[in-house]
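The sequence and the model are shown first.

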Amino acid sequence: MQVHGTTVALEGKGLLILGPSGSGKSTLALQLMAVGAQLVADDRTDLSKAGDVVVANCPEPILGQIEARGLGILLAAPYGPVELAAVVDLERESVDRLPRSQFHEVLGVALPLVLGPYRPHLYAALRQFLVGGLITQR
């Protein structure tokens, strides 16, 4: 299955970034890459199921490429395939300061969901989420 989304990996954990064109998927990925993440796929991500996990990979024609709006297509060392650990949806917004845990189903697997929109601190918060985890709200 292929989705319109960008995927990065940090410490072997994949993060799928969803949202409409122009919502900041590539910008968020570039910011995460600046703090240690690796590019799996930009704009289109191939997803498959391996047992109980979802695996993300890059379609061959765009391997190692990421768009920087206003600059062009940049080259990056490709990484992947990677097991998805979470999903970010830049189109949907949470109104709660400390939202309850939410999930996004991908190929029948419920993955932790972070809601957008893009915010200046989002990349730092997502990096820490992938590295340290999240204390779930009740």
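The buried residues of helix H2 pack against strand E2 (5-10), strand E3 (13-18), helix H1 (25-34), strand E9 (82-93) and strand E11 (109-116). Helices (H or I, at least four residues) and strands (E, at least two) are DSSP runs, numbered from the N terminus. The model is predicted: local features need pLDDT of at least 70 and side-chain atom pairs pLDDT 80 or more, while totals for chains, interfaces and linings use all residues. Residues are numbered from 1 along each chain as its sequence is written, and side-chain values use heavy atoms, with hydrogens and water left out.

H2 covers residues 122-132, and its buried residues are Leu122, Leu126, Phe129 and Leu130. Viewed down the axis of H2, these residues fall within an arc of 90°, so they line one face of the helix; the arc is that of the directions from the helix axis to the C-beta atoms. Just after H2, Gly133 takes a positive phi of about 95°.

Two buried residues can be set side by side; buried means under 20% relative accessible area, exposed over 50% and partly exposed in between (1.4 Å probe, protein chains only).

| Residue | Place | Relative accessibility | C-alpha separation |

Not counting residues up to four places away in sequence, Phe129 touches Ala86, Pro112 and Leu134, where contact means heavy atoms within 4.5 Å.

The second largest pocket has a volume of about 230 Å³. Of its 13 lining residues, Gly22, Lys25, Ser26, Glu67 and Arg69 are the closest to the centre. A pocket is an open set of points on a 1 Å grid over the protein atoms alone, where a 1.4 Å probe fits, with protein on both sides within 12 Å along at least five of seven lines; lining residues have an atom within 4 Å of a point. Grid points are joined across faces, edges and corners, and the volume is the space filled by probe spheres set on the points. H1 gives the most to this lining, with three residues. The lining comprises no nonpolar, eight polar and five charged residues.

UniProt, in an unreviewed entry, lists residues 2-74 as "domain: HPr kinase/phosphorylase C-terminal". The end C-alpha atoms of this span lie 22 Å apart, and the span is 14% helix and 49% strand.

How values were computed: UniProt positions renumbered as here; feature names shortened; annotations may be inferred. Nonpolar A, V, L, I, M, F, W, Y, C, P; charged D, E, K, R; others polar.
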